[in-house]
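Thanks, everyone. I will keep this short and stay with what can be read off the coordinates.

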Amino acid sequence: MSLVAVFIASLLGSPHCAGMCGGFVAFYSGSNPKSFSPHIAYNGGRLLTYMSLGSIAAYVGKAVDISGSLVGISRLMA
């Protein structure tokens with residue numbers, strides 16, 4: 001069942017990716033279509049950004065979890 005959900009989410013997310021990322025890729029690859037280094041730089045930057053934002057979200061979530069445990073409302077919030 002989860003594979004079906006992932007497949008449906010991928011289909012629904014594809015137009016967003018094509019519309020947003022496609023324009024960026026067309027812009028930077030138009031100057032030198034044979035070079036691969038702009039693709040590495042763009043995707044590496046995207047990867048680092050998503051990892052950084054994910055780490056920040058994880059730390060915020062952990063802080064909220066610890067705060068709830070200290071106050072004694074973690075079971076209520078769950």
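Start with the rings: Phe24, Tyr28 and Tyr42 are joined into a cluster by ring pairs. Please keep in mind that this is a predicted model.

How many aromatic pairs does a search of the whole structure find? The search returns two. Take Phe24 and Tyr42 to begin with: their ring centres are 6.4 Å apart and the planes stand at 50°, so this pair is tilted. For reference, planes under 30 degrees apart would count as stacked and over 60 as edge-to-face. Phe24 sits in helix H1 and Tyr42 in helix H2, so the pair ties together parts that are 18 residues apart in sequence.

Tyr28 belongs to H1 and Tyr42 to H2, so the parts tied together are 14 residues apart in sequence. Both of these tyrosines, Tyr28 and Tyr42, are buried.

Now a closer look at Tyr28. Its relative accessibility is 17%, which is why Tyr28 counts as buried; the cut-off is under 20%. Leaving out residues up to four places away in sequence, Tyr28 touches Pro38, His39 and Tyr42. As a distance check, Tyr28 and Ala63 are separated by 35 residues in sequence and by 39 Å in space, C-alpha to C-alpha.

In general, two packed helices are described by the angle between their axes and the distance between the axes. Helix H1 covers residues 2-29 and helix H2 covers residues 37-71; they pack at about 145° with axes 10 Å apart. The crossing of H1 past H2 is right-handed. Which residues make the contact? From H1 there are Cys21, Phe24, Val25, Tyr28 and Ser29, and from H2 there are Pro38, His39, Tyr42 and Arg46. Sorted by class, this contact has six nonpolar residues, two polar and one charged.

Let me turn to the protein as a whole. The protein has three helices and zero strands, and along the sequence the pattern reads α-α-α. Why call it more spread out than a compact globule? The radius of gyration is 19 Å, well over the 12 Å that the globule rule gives for 78 residues, so the protein is more spread out than a compact globule. Along the principal axes, the C-alpha atoms fill a box of roughly 60 × 30 × 15 Å. Of the 78 residues, 6% count as buried, and Tyr28 and Tyr42 are both buried.

One more tyrosine, for contrast. Tyr59 is also placed in helix H2. With 65% relative accessibility, Tyr59 counts as exposed, because the cut-off for that word is over 50%. Tyr59 and Ala5 lie 54 residues apart in sequence and 27 Å apart in space, C-alpha to C-alpha.

Note on methods
Residues numbered from 1 in each chain as written. Predicted model: local features only at pLDDT ≥ 70, side-chain atom pairs only at ≥ 80, totals over all residues. Heavy atoms only, no water. Axes fitted to C-alpha atoms, helices over the stretch in contact; angles between N-to-C directions. Helix = DSSP H or I, 4+ residues; strand = E, 2+ residues; numbered from the N terminus. Left-handed = near helix turned anticlockwise from the far one by under 90°. Contact = heavy atoms within 4.5 Å. Nonpolar A, V, L, I, M, F, W, Y, C, P; charged D, E, K, R; others polar. Phe/Tyr/Trp six-rings, centres within 6.5 Å; stacked < 30°, edge-to-face > 60°. Buried < 20%, exposed > 50% of the residue type's maximum accessible area, 1.4 Å probe, protein only. Rg over C-alpha atoms; globule rule 2.2 N^0.38 Å.
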